[in-house]
Amino acid sequence: MLPGIEALVFDFDGLLMDTESTLLESWRAEWRRHGLALDEAGFFADHGGDLSEARYAQLGAAVGPGFDRAASHARRTAHRDAMHAALGLAPGLGAWLDRAEELGLPMAVASSSPRSWVEEHLGRTGDLGRFKAGAFGDEVAAHKPDPAVYRLALERLGVAAARAVAFEDTPHGAAAARAAGLRCVAVPNAYADPARFTAAGLVLSTAAGVALDDVLARLPR
């Protein structure tokens, strides 16, 4: 394992848990309900944060004057909640968290999503207590690729950036980690182009079946 590593910092959406796929499917279902097809090009932005209002505006413009935004939101979120009920950690991530605990490496979450969102899901799966600290989008002034959320996570861990490793699933997340001074392991989600992860020191196609020790050992110094 790479010497000098004192902490690990994980993104949440798309990395620890595949909430990106459930997000996309919930919007697809709403468009289908109106007899329309969602244009998925550009659905996932190059920054963190909530794009719901822009997405509802796009759907409303396509549906026309009869669009009921409140009803659409209630229906979409109920559909997504139902999918989340069966959603666990992404393949391989549970084993990485287990090994980090065995090694005595403190862990944090650094997410552009609100604290309530992340803690709800990790609490549901029983994984919230694994993390010593968390930093969230509703606690910083700017979302990834801005490094603020990573800097806050490091502050709460009490660890220098050079001694921490970040794990990300998007190019803008990797860029945020690098800007904060962390080395980064990328596991691109299904909607991210692996070629765009220029800020990551290591890019993996999956975490499943890959030992954490090997991952950390392969990171450039």
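Buried means under 20% relative accessible area, exposed over 50%, and partly exposed in between, with a 1.4 Å probe and protein chains only. E4 is mostly covered, with five of its five residues buried. Strands (E, at least two residues) and helices (H or I, at least four) are DSSP runs, numbered from the N terminus.

The model is predicted, so local features need pLDDT of at least 70 and side-chain atom pairs count only at pLDDT 80 or more, while totals for chains, interfaces and linings use all residues. Residues are numbered from 1 along each chain as its sequence is written, and side-chain values use heavy atoms, with hydrogens and water left out.

Now step back to the sheet. Six strands form an open sheet in the order E3-E2-E1-E4-E5-E6, and the pairing is parallel. Strands E3 (133-135) and E6 (202-203) stand at the edges with a single partner strand each, so one side of each has no neighbour in the sheet. Two strands pair if DSSP finds at least two bridges between them.

Look at the neighbours of E4. E1 and E4 pair in the parallel sense over four bridges. Here Phe10 has Phe167 in E4 as its bridge partner. Four bridges also join E4 to strand E5 (residues 183-186), and these two run parallel. Phe167 stands opposite Val185 in E5. Further along the sheet, strand E2 (residues 107-110) is joined to E3 by three bridges, again in parallel. Val109 stands opposite Gly134 in E3.

Next come the rings. The structure holds four aromatic pairs. Rings of Phe, Tyr and Trp (its six-membered ring) pair if their centres lie within 6.5 Å; planes under 30 degrees apart count as stacked, over 60 as edge-to-face and the rest as tilted. Phe10 and Phe167 form a stacked pair, 4.6 Å centre to centre with 10° between the planes. Phe10 lies in strand E1 (residues 7-10) and Phe167 in strand E4 (residues 164-168), so the pair ties together parts that are 157 residues apart in sequence. Phe10 counts as buried at 0% relative accessibility, and Phe167 counts as buried at 0% too.

Trp96 and Phe167 form a tilted pair, with 5.4 Å between centres and 50° between the planes. This pair also links distant parts of the chain: Trp96 is in helix H4 (residues 93-103) and Phe167 is in E4, 71 residues apart. Trp96 is buried, at a relative accessible area of 0%. Ring pairs link Phe10, Trp96, Phe131 and Phe167 into a cluster.

Last, the core. A nonpolar core is a set of buried Ala, Val, Leu, Ile, Met, Phe, Trp, Tyr and Cys residues joined through side-chain atoms within 4.5 Å. The largest has 31 residues, and those with the most contacts inside it are Leu8, Phe10, Leu16, Trp96, Phe167 and Leu216. H4 gives the largest share of this core, four residues. Apart from it lies another core of 28 residues, among them Val140, Tyr150, Leu154 and Ala166.
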